[in-house]
Amino acid sequence: KKKNYIFNDQIIFFILSSKIIPSITIILPLYVLFQKIGILSSIYSIILSNIMATMPITIWLMKHYFLKISCDCEESAKIEGASIINIWWNIILPQVKKGFMVTFSIIFILIWNEYVFSLFFYTNKTQNLTILLASSGGLAKSVLITIMVLPLAVISLIINIIISKNN
């Protein structure tokens with residue numbers, strides 16, 4: 001049974017409103033936090049900051065796909081004696097697979113094109129293509145643009161094939 005909590009809409013609004021805040025405003029607190037826990041100049045600082053930045057969109061997108069799931073299938077599987085893992089793997093996940101694909105493609109594009117966190121938290125070991133692109137010129141810039149666009153095109157094509165194949 002889907003649980004109807006009193007503050008469902010308020011919680012989602014709070015999560016989404018955190019995305020309204022520009023990422024540059026949270027750089028200083030994150031910088032201090034990452035410095036205190038010792039991950040400032042590592043790849044973990046960029047990974048954590050990107051997770052924090054994209055989590056509101058991920059929750060908002062996936063919420064609608066999970067709300068569409070029929071409770072009858074879950075209840076029938078429980079009555080038949082299926083475990084929670086089997087229900088999750090065989091009933092819930094196939095119903096939200098398209099949602100995962102759409103959410104993955106949107107989040108991948110957002111993180112792939114991310115510049116602010118990479119600029120503040122990078123070192124030579126954690127430098128990404130966006131920073132390299134901003135600091136290069138001429139032929140190197142053209143090559144980097146091509147390198148940046150290719151994975152986006154390939155992943156978009158693969159996701160499009162997967163989604164259209166399952167229709």
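Okay, ground rules. Residues are numbered from 1 along each chain as its sequence is written, and side-chain values use heavy atoms, leaving out hydrogens and water. Since this is a prediction, local features need pLDDT of at least 70 and side-chain atom pairs count only at pLDDT 80 or more, while totals for chains, interfaces and linings use all residues.

Let's start inside. What makes up the largest nonpolar core? Nine residues: Ile27, Leu30, Phe34, Ile39, Leu40, Ile46, Ala53, Phe117 and Phe121. By core I mean buried Ala, Val, Leu, Ile, Met, Phe, Trp, Tyr and Cys residues joined through side-chain atoms within 4.5 Å. Buried is under 20% relative accessible area, exposed is over 50%, and partly exposed is in between, with a 1.4 Å probe and protein chains only. Helices H2 (27-37), H3 (43-67) and H7 (116-121) each give two or more residues to this core, and H2 gives the most, with three. Helices here are DSSP runs (H or I, at least four residues), numbered from the N terminus.

Have a look at Phe34. Setting aside neighbours within four places in sequence, Phe34 is in contact (heavy atoms within 4.5 Å) with Ile39, Leu40, Ser45, Leu48, Ser49, Met52 and Phe121. Apart from that core lies another one of eight residues, including Ala77, Ile87, Ile91 and Leu93.

Now the rings. Phe, Tyr and Trp rings (the six-membered one for Trp) pair if their centres lie within 6.5 Å; planes under 30 degrees apart are stacked, over 60 edge-to-face, and the rest tilted. That gives four aromatic pairs. One of them is Phe66 with Trp88, stacked at 5.9 Å centre to centre with 10° between the planes. Phe66 sits in H3 and Trp88 in helix H5 (residues 84-95), so this pair ties together parts that are 22 residues apart in sequence. Phe66 is partly exposed at 26%, and Trp88 is partly exposed too, at 38%. Phe104 and Phe108 are also stacked, because their centres are 5.9 Å apart and their planes at 25°. Both lie in helix H6 (residues 97-112), four residues apart, about one turn of the helix. And Phe66, Trp88 and Phe100 form one aromatic cluster.

Last stop, the surface. Ile43, Tyr44, Ile47, Leu48, Ile51, Met52, Met55 and Ile59 make a nonpolar patch of about 700 Å². Ile51, in H3, counts as partly exposed at 40% relative accessibility. Patch residues have over 30% relative accessible area and no salt bridge, with nonpolar side chains joined within 5 Å; a salt bridge is a Lys or Arg side-chain nitrogen within 4 Å of an Asp or Glu carboxyl oxygen.

Conventions:
Patches are made of residues with over 30% relative accessible area and no salt bridge: like charges are joined within 9 Å, nonpolar side chains (Val, Leu, Ile, Met, Phe, Trp, Tyr) within 5 Å. Accessible areas come from the Shrake-Rupley method with a 1.4 Å probe; for residues, only the protein chains shown count as cover.
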